[in-house]
Amino acid sequence: MPGSGSPLPDEARRANLALWDEWARIHEGTEFYDVEGFKAGRSSLWPLETEELGPYVTDGTTLLHLQCHFGLDTLSWARRGAEVVGVDFSGTAIALARRLADEVGLAGRATFIESDVYDAARHLGGRRFDIVFVSWGAIEWLPDLEVWARLCAAHLKPGGRFYMAELHPLAYCLDETTGPAELRLRYRYLPAPDHPVVDPIEGSYADPSADTTGHVSYSWSHSFAEVVGALLGAGLRLEFLHEAPFSVSPVFELMEKDEQRWWWLPDGSGGRRADVPFSYSLMAVMPDRAGAPAFAPASDEATETGAGAADASAARGPCTEDEE
Ligand SMILES: C[S@@+](CC[C@H](N)C(=O)[O-])C[C@H]1O[C@@H](n2cnc3c(N)ncnc32)[C@H](O)[C@@H]1O
């Protein structure tokens with residue numbers, strides 16, 4: 001039975017699944033996802049991912065993509081030669097991912113599994129991958145990162161790499177703002193597994209005008225210490241943690257898109273604010289038996305930071321908890 005091994009409460013699972021099935025239907029036709037562009041050969045991957053993880057993906061690299069939505073990123077890695085497996089709990093998203101894989105001729109290199117991420121081990125049968133990949137708006141749907149991190153580690157080969165690119169925990173704390181100089185902390189920063197944020201949903205990040213009447217979402221805050229601690233606790237070794245002042249979607253209405261599709265907060269005088277993080281990326285390695293990474297990058301680029309990424313650092317200081 002789906003969800004039986006999951007720390008996700010049933011009520012949250014039902015609500016989030018209904019929402020994601022609806023969003024998958026909506027997202028197929030959005031400019032944000034640009035499915036036609038993908039079919040014509042465009043990669044859906046962001047420059048950060050291709051710069052930081054791309055050098056590790058060569059012909060035959062095995063890649064597990066957790067919470068793959070309808071598979072555009074999964075299939076974009078397959079286009080670069082990887083043998084990919086995508087996991088998502090939305091049957092609508094997985095059906096679309098399989099259809100797209102067929103349409104673009106990648107079905108032979110791509111498998112899609114409909115499963116709660118917490119139940120994925122039952123479907124993966126102990127298979128280990130060179131890379132486990134997680135991206136953009138994935139972990140907020142998960143109450144428990146220790147179970148999740150153990151799953152990621154359990155499916156990595158010795159020397160394999162875990163990579164994630166995500167929205168920054170600080171960005172989740174900020175209140176809606178009308179001016180770039182008026183940022184205010186409002187939502188919680190520190191984790192609270194027993195206190196999901198329950199929000200009515202209006203539209204989607206990919207189509208704010210979409211009709212999603214009646215849907216609510218259950219989500220959880222995750223601090224840097226929680227994310228990194230869970231991964232280290234699962235036996236992975238942190239290789240880098242980068243922060244960046246741009247986002248994949250507008251966190252605030254006043255954000256502006258650049259030529260690479262990144263969204264920036266304007267500084268109020270014609271420039272962009274580079275002092276507030278909206279994204280982070282992280283790589284961690286599963287040590288091999290001798291304790292050293294065995295899976296080498298295809299080129300030296302892999303050790304460089306992504307465009308605009310700042311040095312590794314951790315966000316500090318809790319925000320107020322007045323949202324609950
Ligand atoms: C924002 S999307 C991931 C974004 C992806 N990188 C993209 O833009 O294509 C989050 C995904 O997590 C999936 N999801 C949420 N909770 C899940 C769970 N418990 N198990 C498996 N998938 C889940 C949703 O169905 C959705 O496809």
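Student: How do I read burial here? Is Trp-23 buried or exposed?

Tutor: Count C-beta neighbours: 20 or more others within 10 Å make a residue buried. Trp-23 has 26 other C-beta atoms within 10 Å, so Trp-23 is buried. Bear in mind that this is a predicted model.

Student: Which element holds Trp-23?

Tutor: Trp-23 sits in helix α1.

Student: How do I check the length of α1 against its span?

Tutor: Work at 1.5 Å a residue. The 18 residues of α1 should then span 26 Å, and the end C-alpha atoms are 25 Å apart, so the two agree.

Student: Which residues of α1 are buried?

Tutor: Start with the geometry. An α-helix has 3.6 residues a turn, so residues three or four places apart point the same way. In α1, the buried residues are Ala-12, Asn-16, Leu-19, Trp-20, Glu-22, Trp-23, Ala-24 and His-27. They pack against α5 (91–103) and β7.

Student: Where is Gly-203, and why does it count as partly exposed?

Tutor: Gly-203 is in the loop between β6 (197–200) and β7 (216–219). Gly-203 has 13 C-beta neighbours inside 10 Å, so it counts as partly exposed. Beyond residues up to four places away, Gly-203 touches Pro-208, Ser-209, Ala-210 and Thr-212.

Student: Now backbone angles. Which residues have a positive phi without being glycine?

Tutor: Look at His-69 and Trp-136. His-69 has a phi of about 55°, and Trp-136 has one of about 40°. His-69 lies in the loop between β1 (62–66) and α4. Trp-136 is in the loop between β4 (129–135) and α7 (145–154).

Student: What surrounds the ligand?

Tutor: There are 18 residues around it, and the closest are Trp-20, Gln-67, His-69, Phe-89 and Gly-137. Helices α1 (10–27) and α4 (72–79) are the elements that give two or more residues to this shell. By class, the shell has nine nonpolar, six polar and three charged residues.

Student: Which members of the largest nonpolar core touch the most others?

Tutor: This core has 85 residues; Leu-63, Ala-97, Val-132, Cys-152 and Phe-162 touch the most other members. Take Phe-162. Leaving out neighbours within four places in sequence, Phe-162 is in contact with Val-132, Cys-152, Leu-156, Leu-231, Leu-236 and Ala-284.

Student: And the chain as a whole?

Tutor: It has nine helices and twelve strands. Of its 324 residues, 41% are buried.

Student: What is the mean pLDDT of the chain, and where is the pLDDT below 50?

Tutor: The mean is 89, and 87% of residues reach 70 or more. Residues 300–324 are below 50; beyond near neighbours in sequence, that stretch has 51 contacts in the model.

Conventions. Residues numbered from 1 in each chain as written. Predicted model: local features only at pLDDT ≥ 70, side-chain atom pairs only at ≥ 80, totals over all residues. Core = buried A, V, L, I, M, F, W, Y, C linked by C-beta atoms within 7 Å. Buried ≥ 20, exposed ≤ 12 C-beta atoms within 10 Å, placed from the backbone. Contact = placed C-beta atoms within 7 Å. Near = placed C-beta within 6 Å. Helix = DSSP H or I, 4+ residues; strand = E, 2+ residues; numbered from the N terminus. Nonpolar A, V, L, I, M, F, W, Y, C, P; charged D, E, K, R; others polar. pLDDT = per-residue confidence, 0-100. Expected span 1.5 Å × (residues − 1).
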